Amino acid sequence: MSTEEDETVPARLRELPSRLLSQAATYAQRLVIAGLSGADAHKWHYAALVALEESGPVSQAELSARTGIHRSDLVAVINELADRGLVDRTPDPADRRRNVITLTPQGRRHSRRLEQLLDAAQEELLSPLSPAEREQLTRLLGRLVTHHAGGPDTGPSGMPDGR
């Protein structure tokens with residue numbers, strides 16, 4: 001995927017940041033999918049397990065907000081995880097219309113396994129970079145995501161503030 005690999009691609013395309021980000025994202029997705037498939041999992045499984053591990057038991061709506069998984073898609077994810085004994089879904093005693101999702105001990109162990117698989121995928125993805133470059137890339141990507149998600153780098157209207 002190196003920009004030097006294919007000189008037939010016009011230089012302006014090889015140096016276009018949005019194109020490079022897109023190509024890197026595609027490669028990253030392939031690595032993550034391949035890595036997690038070894039544990040019969042996908043990225044939404046990991047996201048849900050990690051969110052539950054960090055926050056503790058939460059409602060489905062809160063889990064959706066924490067993971068970015070659309071509520072209708074999250075139901076399928078929770079069903080898959082519950083069928084495997086990785087999470088428990090119980091009615092909320094304060095509001096029986098809501099379900100509370102809780103990570104099980106087996107879910108915590110599975111989360112650790114998925115984390116190891118993702119660590120290997122990250123290692124492969126970032127292998128050409130030094131540790132300092134990896135940190136810098138992660139920091140810069142985080143700034144881009146925060147900025148375009150309407151975070152601290154945007155103005156009051158949610159539009160870029162000119163920085």
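**Exercise 1.** Determine which residue with a positive phi follows α5.

Solution. In this predicted model, α5 is followed by Gly 85. The phi of Gly 85 is positive, near 75°.

**Exercise 2.** Identify the buried side of α5, what covers it, and what the face turned away from it carries.

Solution. Step 1: the buried residues in α5 include Leu 74, Val 77, Ile 78 and Leu 81. Step 2: these residues cover an arc of only 100° around the axis, and therefore lie on the same side of α5. Step 4: the cover over the buried residues of α5 includes α3 (43–55), α4 (60–67), β2 (87–92) and β3 (95–103). Step 5: on the face turned away from the buried side of α5 are the exposed residues Ser 72 and Asp 83.

**Exercise 3.** Classify the packing of α4 and α5, and name residues that meet.

Solution. Step 1: the axes of α4 and α5 are 10 Å apart, and the packing angle is about 105°. Step 2: angles of 65 to 115 degrees count as roughly perpendicular, so α4 is roughly perpendicular to α5. Step 3: Gln 60, Ala 61, Leu 63 and Ser 64 of α4 meet Arg 71, Leu 74, Val 75 and Ile 78 of α5.

**Exercise 4.** Describe how α3 crosses helix α6 (residues 105–126).

Solution. Step 1: the two axes come within 10 Å and cross at roughly 120°. Step 2: that angle makes α3 oblique to α6. Step 3: the crossing of α3 past α6 is left-handed. Step 4: α3 contributes Tyr 46, Leu 49, Val 50 and Glu 53 to the contact. Residues of α6 in the contact include Gly 107, Arg 108, His 110 and Leu 118.

**Exercise 5.** Is Arg 134 buried or exposed, and which residues is it in contact with?

Solution. Step 1: Arg 134 belongs to helix α7 (residues 131–148). Step 2: its relative accessible area is 19%; buried means under 20%, so Arg 134 is buried. Step 3: leaving aside neighbours within four places in sequence, Arg 134 is in contact with Glu 123, Leu 126, Ser 127 and Leu 129.

Terms used
Residues numbered from 1 in each chain as written. Predicted model: local features only at pLDDT ≥ 70, side-chain atom pairs only at ≥ 80, totals over all residues. Heavy atoms only, no water. Buried < 20%, exposed > 50% of the residue type's maximum accessible area, 1.4 Å probe, protein only. Helix = DSSP H or I, 4+ residues; strand = E, 2+ residues; numbered from the N terminus. Arc of directions from axis to C-beta. Contact = heavy atoms within 4.5 Å. Axes fitted to C-alpha atoms, helices over the stretch in contact; angles between N-to-C directions. Parallel < 35°, antiparallel > 145°, perpendicular 65-115°, else oblique. Left-handed = near helix turned anticlockwise from the far one by under 90°.
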